[in-house]
Amino acid sequence: MNVSPTLRFGNNNVPHHPLVKRAHEDGTVVFQDGSLVRVDVIVHCKGYKYYFPFLEINDIVTVDDNRGGPLYKHIFPPVLAPGLSFIGIPWMALPFPVFESKSKWVAGILSGRISLPSKSKMIEDVEAFYFQLKVAAIPNRYTHFLGENQFDYTDWLASESGCQPWEEWRKQMYKARQENATARPETYRDEWEDEDLVVQAHEDFRQYLPAELCVHGKQT
């Protein structure tokens, strides 16, 4: 996988290579930079491919190297906003909390409580975002990659929606998991050191429990 150094993630025992150029019957795989390795098994993990033929017909939303766009904040195509929105486009993030944050913002816009910028302003925002990616030499297929940026993204959505941002323990738990998976890829699912964050999470969850389930400050 040929990715920008800032986007290299995963385990420290998994080497990254450029895209595959060709494979030979003896198990030799040649990459685009001319390097090669001998492999036993090739697993083709294609992930998700965005495909919107019913929108591409009129060039409303096109897909270029898995970049779906133009989409304002990964959600609204400026031409059809607010009538059409996409909730599940971003990846490499906590999916359901991110989708919840996006849904709250979209709901606020559809209800008339929140206003979108003008069509021209949204297009300008998208073009500026694309320019930043181009300057950083980030391929189009990483346009909707969030990673660590998901926290700034969801904080922005929360601010626009008038909602509370993600709890700090949730952010720290995600970061602790990422660091643990990189440092201890074989055991990170079994060994962790974020019990204090779990305690904070339980305290936050308690506020959603019915009063009759709690006695003297303890869950029954």
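Reader: Which residues does Y72 touch, leaving aside those up to four places away in sequence?

Author: In this predicted model, Y72 touches P78, W105, L116, P117, M122, D125, V126 and W156, where a contact means heavy atoms within 4.5 Å. Residues are numbered from 1 along each chain as its sequence is written, and side-chain values use heavy atoms, with hydrogens and water left out. Because the model is predicted, local features need pLDDT of at least 70 and side-chain atom pairs count only at pLDDT 80 or more, whereas totals for chains, interfaces and linings use all residues.

Reader: Why is Y72 called buried?

Author: The relative accessible area of Y72 is 6%, and buried means under 20% (exposed is over 50% and partly exposed lies in between, with a 1.4 Å probe and protein chains only), so Y72 counts as buried. Y72 belongs to the loop between strand 5 (67-69) and helix 2, helices being DSSP runs of H or I with at least four residues and strands being runs of E with at least two, numbered from the N terminus. That loop also holds P70 and P82; the peptide bond from G69 to P70 is cis, with omega near 5°, and the one joining A81 and P82 is cis too, with omega about 0°.

Reader: How do you know whether N66 is buried or exposed, and what is D65 by comparison with the cut-offs?

Author: N66 has 19% relative accessibility, and therefore counts as buried, while D65, at 40%, is partly exposed. D65 is found in the loop between strand 4 (62-64) and strand 5, and N66 is in the loop between strand 4 and strand 5 as well. Each has a positive phi although it is not a glycine, about 55° for D65 and near 65° for N66.

Reader: What makes the span of helix 2 close to the expected one?

Author: Helix 2 (residues 95-110) has 16 residues and reaches 22 Å from its first C-alpha to its last, close to the 22 Å expected, the expected span being 1.5 Å times one less than the number of residues. P97, V98, S101, K102, W105, V106, G108 and I109 of helix 2 are buried, and what covers the buried residues includes helix 4 (150-161) and helix 5 (168-183).

Reader: Which residues of helix 2 meet which residues of helix 4, and how many are nonpolar, polar and charged?

Author: V98, S101, K102, K104 and W105 in helix 2 meet Q150, Y153, T154, W156, L157, E160 and S161 in helix 4. These divide into five nonpolar, four polar and three charged, given that Ala, Val, Leu, Ile, Met, Phe, Trp, Tyr, Cys and Pro count as nonpolar, Asp, Glu, Lys and Arg as charged, and the others, Gly among them, as polar. W105 and W156, which Y72 also touches, are both part of this contact.
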